[in-house]
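Biologist: I would like to learn how to read packing and pairing features from a set of coordinates. Could we start with helix packing?

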Amino acid sequence: MDNYNIIDISVRDLVEFTARAGNIDNRRSSFKELDAMRRGTRMHAKIQKSMGDNYRAEVSLKHSSTILRDGNEFVITTSGRADGIVKPDKSESCDKSYVEIDGNNYSDLSKEEDISFLQYLIDNNDTKGIFHIFEKTEESREESVKIKEDKDIYIIDEIKCVLRDLDRIKHPVSFHRAQAMCYAWFYCEDNNLSEIAIRITYCNLDTGICKYFGEVFSYGYLEKWYNFLLMEYAKWAAFQLEWNKKRDITIKNLDFPFEYRQGQREFVKSVYLTIIRDKKIFIQAPTGAGKTISTIFPAVKAIGEKQIEKIFYITAKNITRTAAEETFRILRKAKALIKTVNITAKEKICILEKPDCNPEACERAKGHFDRVNDAVYDLINHEDDITREVILLYAERYKVCPFEMCLDVSLWVDAVICDYNYVFDPRAYLRRFFEIQTKKKYAVLVDEAHNLVDRACDMYSASVVKEDFLKVKKIIENVSKKSTKAIDNCNKELLKFKRECEGMNIYEDIYVVDKLVLLFDRLINVLNDFFNENDNYEGKDEVFNLYFDIRHFSDMFDNASDDYLVYTHFRENGDFELRLNCMNPARNIGMQLEKVKSSILFSATLLPITYYKEQLSGNRTDYDFYADTPFEKHKRMILVADNISTRYTRRGEKEYRKIAEYIRIFVNSKCGNYLIFFPSYRFLENVYEYMDEDTKEYVIIQKQGMSEEDKEIFLSEFVANPSVTKAGMCVLGGVFSEGIDLKNDRLIGVCIVGTGLPMVCDEREIYRNYYDNYNNNGFSYAYLYNGMNKVLQAAGRVIRTVDDMGVILLLDERFLTAQYKNLFPREWFPYYVINENILNEKLEEFLNIEGGY
């Protein structure tokens, strides 16, 4: 039997997929369920311990079934842990009851053997179907457990800790019930029982009070129900089986779609070996090395060899996601069958102007789960290149939420293209793939990995602003006294920190905020009740924003270790901020990457690699690889000025005039397109003031806050075969210094003014001091590597193909110090030291090489 016919799936995954129904509703359940999960572990254990000697907790159960579907035989093994199993106790009394459906009484549903009724229950997902609701006892305010009179019967207990008012729970959630039914069937089958009971225990985390729902089932009923469940899942498994077989044949016959460039075969080989060896690798891949195809192709081959099951291609920028999509299309043109989906952010794909995911605000949210499986099944059977437009088309056809549908589609594709946050961000990562700690057969390809350091530090940090509490207090003080009091308590504690702060305070002991976090947790609980009771009120967004801020703060505090510190300061607008700051994201990033078989981290600017290993892995023994550049050295010239400085102490008219003269000579050397990068908008404006009028005729300037349309208009000025010179003046580290692709003679020269060092600020100084104490590399970690990365990215805009020629002009004498030269990529050697008197001479030398640039 093929490996694809053997399926291992958890009970939870099985029932959440096949038994889900109803609406998307973010007004109550989503907030409370997340917090209940966070707080419920201890209460869960407490309930189990209180159940007595007849109760076995955390019982592992597994069942294998052979299913025939669409001509395919599957062995499906389902496993999980029942929260508890209650042994028979004849001392328990019972109430024999019945329920009513559509006016019909079913007084003995546990013995119901009519498959048409089973079909009715499954088709309608009717959780009011076959359960007994246990009556409350006034003495305990809990539900008394009554199963069956004069019968020995086992009970499968499924415990769910919630923050909802128990009076609002009228029946068990469909997939909670289905989980218990699965365990009940497994236990019946393993122990030759003729009947068994289930009990869904809902416990309110604030009060400790429990509410129980119970049902009794016959062996025959559970057998038919479970087989029906597996048959529904087997429909999807049959699709996956047939697809995988066809896909693997095409991948095995797939050859690299281009002629290998210099060093590219070794690049591809290094990625493939890393994947099959279950390792991580950091790759410095210079512009032109073909990093996208050189990482995707070996990963696809690994799928065909059953080494991995899924690829995650993650990046920070839309343009690199587009490049990944195009690369997969190239492989399809080479006859490879491969399904991909590009996940678009909810805000960008939502049909509403602003996402509001509940059935009253959005027609797609109402009944979404009743229709989405049909939508997904239709899509995956007819589409391979699943773009944003394809998702919108099918979501419209089936009237479902496009974002949630897109996430469901990701389960059935071979490659997921998405932003970093869907793998790493604790608020947004794809729990369906990365929740469980066990290693999965996935390969994560991290493009532009140099961006991940700052992004990850931000993901795993958390901040609160004192003034936000006061704003929210004004919004709800006339609506909820309980919430107002909880906010006041938080504000008072923040006020203590504010009084201690004279500009900035740094606390290396993160437990200084222990009491504050406790108050945050109390406020979270109170706001959960507030959301439950109030749907529409002025200032809703501000309340939600504060809620998410304090919840994230609390979560990050629980996760924090000695790689965190706390600091307080006043923002530019005077607001007081308290921040729990992640100083090194390696531990957090590492925990996510340990869940996958292999990780490939690559960039054109991943220097020094040892730094990125330390920040993104923490393991210096991870593989690394320096890809060769295919560009011939004589087609690129690196020029470094030895008499320019952009240090603050040197800034003034004399230096600005000198820089303007360098730019004049540079852009007049040959008719063509140039980009000039400056440390800031102010610096750009100061130099522009001293440029001669003739040079200004060539210039177009990047504006602050440019729209996507403005950016496109700006780049459209850089035409092929130009008849007039264009010089774009831009800000280093801005939108035009990374991710744009001006090939051939659309760009022939880049000038970089300054070393790109970030501005000195509180946060950078915190990093500097932290790493000075840690490894005496504070300046490098806080400023140097960040600045040089921006320089390398901007320089990479010129010479995009093997046919291009171009010049890189560096205007700052600091580039000639060992500190900076050690960070030059090896393809930058040799470089030439120049001044304004010999610049033109050097440019003319380059012009004479093979017809010039």
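Modeller: Axes are lines fitted to C-alpha atoms, for helices over the stretch in contact, and angles run from 0 to 180 degrees between N-to-C directions. The model here is predicted. In it, helix H4 (residues 174–191) packs against helix H5 (residues 219–252) at an angle of about 120°, and their axes are 10 Å apart.

Biologist: How is H4 oriented to H5, given that angle?

Modeller: Angles of 65 to 115 degrees count as roughly perpendicular and those over 145 as roughly antiparallel. The angle of about 120° therefore makes H4 oblique to H5. The crossing of H4 and H5 is left-handed.

Biologist: Which residues make the contact between H4 and H5?

Modeller: H4 contributes Ala178, Met181, Cys182, Ala184, Trp185, Phe186, Cys188 and Glu189. H5 contributes Tyr219, Tyr221, Leu222, Glu223, Trp225, Tyr226 and Leu229. By class, the contact of H4 with H5 has 13 nonpolar, no polar and two charged residues.

Biologist: What are the angle and the axis distance for H16 and H19?

Modeller: Helix H16 (residues 466–476) and helix H19 (residues 540–559) cross at roughly 135°, and their axes come within 9 Å. H16 and H19 are therefore oblique to each other, and their crossing is left-handed. On the H16 side the contact is made by Asp468, Phe469, Val472, Ile475 and Ile476; on the H19 side, by Glu542, Val543, Leu546, Asp549 and Ile550. The residues of this contact of H16 with H19 divide into seven nonpolar, no polar and three charged.

Biologist: Which residues meet where H22 packs on H23, and at what angle do these two helices pack?

Modeller: Helix H22 (residues 653–668) and helix H23 (residues 681–689) pack at about 75°, with axes 8 Å apart. H22 and H23 are therefore roughly perpendicular to each other. Tyr656, Ile659, Ala660 and Ile663 in H22 meet Phe683, Asn686 and Val687 in H23. The contact of H22 with H23 has six nonpolar residues, one polar and no charged ones.

Biologist: Now to sheets. What holds the strands of a sheet together?

Modeller: Strands of a sheet pair through backbone hydrogen bonds, and the pairing may be parallel or antiparallel.

Biologist: In what order do the strands of the seven-strand sheet run?

Modeller: Those seven strands form an open sheet in the order S24-S25-S23-S26-S27-S22-S28, with parallel pairing. Strand S24 (699–701) and strand S28 (832–834) are the edge strands, each pairing on one side only. The twist averages 20° from one strand to the next. Strand S22 (residues 636–641) pairs with strand S27 (residues 806–811) over six bridges, and Met637 has Val807 in S27 as its bridge partner. Helix H27 (residues 778–795) packs on the sheet and touches strand S23 (673–678), strand S26 (749–753) and S27, its direction making about 160° with that of S26. Helix H29 (residues 839–847) lies across S22, S27 and S28 and runs at about 175° to S22.

Biologist: How many salt bridges does the count come to, and which parts does the Glu594 and Lys280 pair tie together?

Modeller: A salt bridge needs a side-chain nitrogen of Lys or Arg within 4 Å of a carboxyl oxygen of Asp or Glu. By this rule the count comes to 53 salt bridges. In one of them, the side chains of Glu594 and Lys280 meet at 3.8 Å, N to O. Glu594 lies in the loop between helix H20 (586–593) and strand S20 (596–603) and Lys280 in strand S10 (residues 280–284), so the pair ties together parts that are 314 residues apart in sequence.

Biologist: Where in the backbone are the cis peptide bonds to Pro608 and Pro830?

Modeller: Leu607 and Pro608 are joined by a cis peptide bond with omega of about -5°, and Pro608 is in the loop between S20 and helix H21 (609–616). Another cis peptide bond joins Phe829 and Pro830, with omega of about 0°; Pro830 lies in the loop between helix H28 (818–821) and S28.

Methods: Residues are numbered from 1 along each chain as its sequence is written. This is a predicted model: local features need pLDDT of at least 70, side-chain atom pairs count only at pLDDT 80 or more; totals for chains, interfaces and linings use all residues. Side-chain values use heavy atoms; hydrogens and water are left out. Helices (H or I, at least four residues) and strands (E, at least two) are DSSP runs, numbered from the N terminus. Angles under 35 degrees count as roughly parallel, over 145 as roughly antiparallel, 65 to 115 as roughly perpendicular and the rest as oblique. A crossing is left-handed if the near helix is turned anticlockwise from the far one by less than a right angle, and right-handed if clockwise. Contact means heavy atoms within 4.5 Å. Ala, Val, Leu, Ile, Met, Phe, Trp, Tyr, Cys and Pro count as nonpolar, Asp, Glu, Lys and Arg as charged, and the others, Gly among them, as polar. Two strands pair if DSSP finds at least two bridges between them.
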